[in-house]
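Visitor: I'd like to learn how to read the features of a protein model. Could you walk me through this one, feature by feature?

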Amino acid sequence: MAVAEMAIQAARLNSPEVIANPYPYYDQLRAASPVHGYVDLPPGTVPGQDEPKISWAVLRHADVVEAARDPQTFSSADPLQAESTAPTLMLVNDDPPRHSKLRAIAHKAFTPRRILEKGPWVAQVAAEILAPCGGRCFDFMT
């Protein structure tokens, strides 16, 4: 398959039909290649006004692990956030060393003991949210 054809296919990741059910499409892309680069408009951008950015679709577990360990090639930095003066603590939008510093702070709040302490509260909130369903079965994803 030609590189241009692959890029066009990867660009379909944001199409409504793929967003509705991405798994068959992931299988097709994964069969062709484990990594796809494509041009994308990140969340919060305006088509025709903002410049698209290069994005990556990494589709195999081993490749995801490798990409996560290589921030020089596969940066997690959000270009829009980097250009903004607004503060953020979103770990997914930073590379080391800032990511490591923020993760160390967050780690203190998410110890196993603290998570277990929140169990009753989470169960209560979940019960309140699901109460209108009256115990009926339903497809959560839908």
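**Aromatic pairs**

Guide: Let's begin with rings: the count here comes to 1 aromatic pair. The rule is that rings of Phe, Tyr and Trp (its six-membered ring) pair if their centres lie within 6.5 Å, with planes under 30 degrees apart called stacked, over 60 edge-to-face and the rest tilted. The rings of Y23 and Y26 have centres 5.8 Å apart and planes at 90 degrees, so the pair is edge-to-face. Before we go on, a word on the source: this is a predicted model, in which local features need pLDDT of at least 70 and side-chain atom pairs count only at pLDDT 80 or more, while totals for chains, interfaces and linings use all residues. Residues are numbered from 1 along each chain as its sequence is written, and side-chain values use heavy atoms, with hydrogens and water left out.

Visitor: Where do Y23 and Y26 lie?

Guide: Both are in helix α3 (residues 23–32), 3 residues apart, which is about one turn of the helix. Helices (H or I, at least four residues) and strands (E, at least two) are DSSP runs, numbered from the N terminus.

Visitor: Is Y23 buried or exposed?

Guide: Here's the scale: buried is under 20% relative accessible area, exposed is over 50%, and partly exposed is in between (1.4 Å probe, protein chains only). Y23 has 52%, so Y23 is exposed. Y26 has 28% and therefore counts as partly exposed.

**Salt bridges**

Visitor: How many salt bridges does the structure hold?

Guide: For a salt bridge, look for a side-chain nitrogen of Lys or Arg within 4 Å of a carboxyl oxygen of Asp or Glu. The structure holds 4 of them. In one, the side chains of R30 and D27 meet at 2.8 Å, N to O. R30 and D27 sit 3 residues apart in helix α3, so about one helical turn separates them. Both ends are partly exposed, R30 at 27% and D27 at 45%.

Visitor: Which residue does R12 meet in a salt bridge?

Guide: R12 meets E17, at 3.5 Å from N to O. R12 is partly exposed at 34%, and E17 is partly exposed at 47%. Another bridge joins E117 and R113 at 4.0 Å. These two are 4 residues apart in helix α7 (residues 112–117), so they too are separated by about one helical turn. Both E117 and R113 are exposed.

**Core and contacts**

Visitor: Which residues make up the largest nonpolar core?

Guide: A nonpolar core is a set of buried Ala, Val, Leu, Ile, Met, Phe, Trp, Tyr and Cys residues joined through side-chain atoms within 4.5 Å. Here the largest has 8 residues: A10, L13, V18, Y25, L29, Y38, A57 and L59.

Visitor: What does L59 touch?

Guide: Contact means heavy atoms within 4.5 Å. Not counting residues up to four places away in sequence, L59 touches Y26, L29, R30, S33, P34 and H36. P34 is in the loop between α3 and β1.

**The largest pocket**

Visitor: What is the volume of the largest pocket?

Guide: Rolling a probe the size of a water molecule over the atoms shows where empty space is left. On a 1 Å grid over the protein atoms alone, a pocket is an open set of points where a 1.4 Å probe fits, with protein on both sides within 12 Å along at least five of seven lines; lining residues have an atom within 4 Å of a point. Points are joined across faces, edges and corners, and the volume is the space filled by probe spheres set on them. The largest pocket comes to about 990 Å³. It is lined by 34 residues, with F74, S75, S76, A77 and V92 nearest its centre. The largest share of that lining, 6 residues, comes from β2.

Visitor: Which peptide bond is cis?

Guide: Most peptide bonds are trans. The one from P96 to P97 is cis, with omega near 10 degrees. P97 lies in the loop between α5 and α6, and D95 lies in the loop between α5 and α6 as well. At 17% relative accessible area, D95 is buried. D95 and S76 are 19 residues apart in sequence and 5.8 Å apart in space, C-alpha to C-alpha. Leaving aside neighbours within four places, D95 is in contact with P71, S75, S76 and A77.
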